[in-house]
Amino acid sequence: MATVLIIGAGGVGNVVVRKCAQVPEVFDRIILASRTVSKCRAIAEQIDRPIEVEALDADDVAQTVALIRKHKPDLVVNVALPYQDLAIMDACLETGVHYLDTANYEPPDVAKFEYKWQWAYQDRYAAKGIMALLGSGFDPGVTNVFCAYAQKHHFDEVHSVDIVDCNAGQHGQAFATNFNPEINIREITQKGRYWQDGRWLEIDPMSLSQDIDYPEVGPRRSYLLYHEELESLVKHIRGLQRIRFWMTFGEEYLTHLRVLQNIGMTRIDPVDFQGHKIVPLQFLKALLPDPGSLGATYEGKTCIGCIIEGVQGGKPHRLMIYNVCDHAACYREVGAQAVSYTTGVPAMIGAKMILTGTWSGQGVFHMEQFDPDPFMDALNRHGLPWKVLADDAVPRLSR
Ligand code: NDP
């Protein structure tokens, strides 16, 4: 029985709280804290178990430390924004409490994400005897566990990994993002990056694409992006020669994005507007639909997985491990669309792994560093069942 403090009452936070509430044998007490406390209350009111709510500005380490001292959680789950990662890690370090997140740190004034800032906590977390589990969402998160599972059970050597992320859903809006618009647009307007033969290669944003035939969904145009899990998987998957990440985008979405970029609405530097400084991307976020509100009309499926090639028993071997998730089914269960659901469920499972001692350690860890089997079992039990295709049944990539 444990106490969990969840920070962030957005689309993902809603799912984490509801899924933790479904597992009372692990999550005995649940506290939800966020900048806007009314959003915490709105989530708590939907749940037939007591959820304690608190107002918190997690950029302020002292506030988070005080809240941790008040409630004495065993674990802090950070599903606020990547900007808060280091401040929340500092508060956990000061109070000696385990930490989990779903996205790596980004400095607010530079659109750049990498793990170096969080890896720098390794020695201090180890000395304090606590663990940080980084990237316990779907991608990063489940995709890392899929790679570890393939390495453990299906390959002597893994040579290439293509992480493939398809959202074939329709929400009925002309333009909306499926998670926080600011973070999402910063991610996809960056240069594409992948790793091959021991080095990183960079391409212009969205300049490499191909049709991928996703199981249960069909062919969808998919674009090579840089994604954070590539950075840790390169370190932890033995024998890897290439790793890439592909994500689907519709024409309508890309056209809107191009226009927004061309007119400067995706800029992250402050500009003068009628005597005020405003950041265009933050203003755009205020205009776009809240991703948490898309669920009611969302139809269709997501299909996210890993296509892995390598050698088993001296022979070439191919495998695809994936999950298909239905937007409308997620909405019926937890009032959220599938992108929030596929992130929130693994955050709950990661929390469960730590709180039950199934995954334990001292320092800063990625998902692929632990035994994948209990996590894979939990995915099947908590709403994200996975499937495996082998050899000729695996979709072929044309590039
Ligand atoms: P939302 O914008 O919907 O929610 C973020 C929440 O954090 C909001 O409630 C916001 O408060 C709160 N927040 C922001 N700043 C602070 C602060 N300083 N102190 C306290 N609370 C704060 O985002 P999502 O739910 O869509 O995404 C949550 C996280 O999940 C993001 O980090 C995102 O990158 C990650 N993610 C990970 C994925 C994965 O597969 N690994 C996939 C999708 C998302 P307020 O309401 O006041 O603005």
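This is a predicted model: local features need pLDDT of at least 70, side-chain atom pairs count only at pLDDT 80 or more; totals for chains, interfaces and linings use all residues.
Seven strands make up an open sheet with parallel pairing, in the order β3-β2-β1-β4-β5-β6-β17. The protein is divided into domain 1 (2-134) and domain 2 (142-335 + 385-393). Residues from both domains contribute to the shell around the ligand, so the ligand shell lies between them.

**The open sheet**

- The edges of the sheet are β3 (52-55) and β17 (363-366); each has a single partner strand, so one side of each is left without a neighbour in the sheet.
- On average, and with direction ignored, neighbouring strands of this sheet are turned by 20 degrees against each other.
- As a reminder, strands of a sheet pair through backbone hydrogen bonds, in either a parallel or an antiparallel way.
- Strand β4 runs parallel to β1, and four bridges join the two; Leu5 has Val76 in β4 as its bridge partner.
- Four bridges also join β4 to β5, again running parallel, and here Val76 stands opposite Tyr99 in β5.
- Strand β5 (residues 98-101) pairs with strand β6 (residues 131-134) in the parallel sense over two bridges, with Tyr99 opposite Ala132 in β6.
- Which side chains of β4 point one way, and which the other? Leu75 and Val77 point one way, Val76 and Asn78 point the other way, and all are buried.
- Helix α3 (residues 61-71) lies across β1 (2-7), β2 (27-34), β3 and β4 (75-78), and runs at about 155 degrees to β1.

- The C-alpha centres of domain 1 and domain 2 are 24 Å apart.
- Contact between the domains involves 15 residues of domain 1 and 13 residues of domain 2.
- On the side of domain 1 that touches domain 2, the classes are seven nonpolar, five polar and three charged residues.

**The shell around the ligand**

- Which of the 35 residues around the ligand come nearest? They are Gly10, Val12, Ala103, Gly137 and Phe179.
- Helix α1 gives the most, with three residues.
- By class, the shell residues divide into 16 nonpolar, 14 polar and five charged.

**Helix packing and a buried phenylalanine**

- In helix α8 (residues 181-188), the buried residues are Pro181, Glu182, Ile185, Arg186 and Glu187. Those buried residues of α8 pack against α11 (280-287).
- Phe146 sits in helix α7. Is Phe146 buried or exposed? Phe146 counts as buried because 31 C-beta neighbours lie inside 10 Å, and the cut-off for buried is 20 or more.
- Leaving aside residues up to four places away in sequence, Phe146 touches Gly305, Cys306 and Ile321.
- Phe146 and His382 are separated by 236 residues in sequence and by 16 Å in space, C-alpha to C-alpha.

**Backbone details to check**

- For context, most residues other than glycine have a negative phi, and most peptide bonds are trans.
- A cis peptide bond joins Asp139 and Pro140, with omega at about 10 degrees. Pro140 is found in the loop between β6 and α7 (142-153).
- Glu216 has a positive phi, near 65 degrees, in a residue other than glycine. Glu216 is placed in the loop between β10 (209-214) and β11 (218-225). With 12 C-beta neighbours inside 10 Å, Glu216 counts as exposed, since the exposed class takes 12 or fewer.
- Asp391 also has a positive phi, near 50 degrees, in a residue other than glycine. Asp391 lies in the segment after β18 (386-390), and Asp391 is exposed, with 11 other C-beta atoms within 10 Å.

Methods:
Residues are numbered from 1 along each chain as its sequence is written. Two residues are in contact if their C-beta atoms, placed from the backbone, lie within 7 Å. A residue is near a molecule or strand if its C-beta atom, placed from the backbone, lies within 6 Å of it. Ala, Val, Leu, Ile, Met, Phe, Trp, Tyr, Cys and Pro count as nonpolar, Asp, Glu, Lys and Arg as charged, and the others, Gly among them, as polar. Domain bounds come from an automatic or database domain assignment. Two strands pair if DSSP finds at least two bridges between them. Axes are lines fitted to C-alpha atoms, for helices over the stretch in contact, and angles run from 0 to 180 degrees between N-to-C directions.
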